[in-house]
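Here is a quick tour of a single model, meant to be read with the coordinates open beside you. Take a look first, and then we can walk through it.

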Amino acid sequence: LEDMKARWLTSDSVYSPVSIELPSEGNPLCIAVSATREPFCFRDVSGNICGFDIELACRIAQKMNCPLKFVDMKFPSLIAALKSGKADAIISLLNVTPERMCVVDFSVPYFNSDRVLLLKK
């Protein structure tokens, strides 16, 4: 994860994606994403889905020795896609909440972010 953080979580938005070999045959791991959250999951200038979360999904698929398919959708549709079987997993900055815990299982968090509210002095 530290190498991935160095590649994707930069202060200057200059990213260093890596190529990860995945099988082309077999049942693909289908991942639901909302590609609107740079640098975690977004579309590059060529329209390809990329980012920290995408590299993590590629590494998981590589370990599982299976192809990978991303399904890009609006953020509010992610859990419904998972519940209906349209996706095998979600990777898209989905925070753990008590409400979500009632309907889906979460992995161990791989990124924590403090959020704050800014006010005019």
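## The largest pocket

Sort the lining of the largest pocket by residue type and you get 19 nonpolar, five polar and three charged residues. The volume of this pocket comes out at about 750 Å³. There are 27 lining residues, and the ones closest to the pocket centre are Ile90, Leu94, Phe106, Ser107 and Tyr110.

Which elements give two or more residues to that lining? They are strand 1, helix 2 (52-64) and strand 6 (89-90). Helix 2 gives the most, with three residues.

## How confident is the model?

Keep in mind that this is a predicted model. The mean pLDDT of the protein chain is 93, with 100% of its residues at 70 or more. Confidence is highest in strand 1, at 98, and lowest in helix 1 (residues 2-8), where the mean is 91.

## Two loops, two residues

Let's compare a pair of loop positions. Ser34 sits in the loop between strand 1 (29-33) and strand 2 (36-37), while Val45 belongs to the loop between strand 3 (41-43) and strand 4 (49-50).

Is Ser34 buried or exposed? With a relative accessible area of 3%, Ser34 is buried, because anything under 20% counts as such. Leaving aside residues up to four places away in sequence, Ser34 touches Cys41, Asp72, Met73, Lys74, Phe75, Leu78 and Ser92.

Val45 has a relative accessibility of 90%, so this residue counts as exposed; the cut-off for that is over 50%.

## Cysteines without partners

How many disulfides does a search of the whole structure find? The count is zero.

Cys41 counts as buried because its relative accessibility is 1%.

Notes:
Residues numbered from 1 in each chain as written. Predicted model: local features only at pLDDT ≥ 70, side-chain atom pairs only at ≥ 80, totals over all residues. Heavy atoms only, no water. Helix = DSSP H or I, 4+ residues; strand = E, 2+ residues; numbered from the N terminus. Buried < 20%, exposed > 50% of the residue type's maximum accessible area, 1.4 Å probe, protein only. Contact = heavy atoms within 4.5 Å. Disulfide = S-S within 2.5 Å. pLDDT = per-residue confidence, 0-100. 1 Å grid on protein atoms, 1.4 Å probe; cavity = no way out; pocket = protein on both sides within 12 Å on 5 of 7 lines; lining within 4 Å. Points joined across faces, edges and corners; volume = space filled by probe spheres on them. Nonpolar A, V, L, I, M, F, W, Y, C, P; charged D, E, K, R; others polar.
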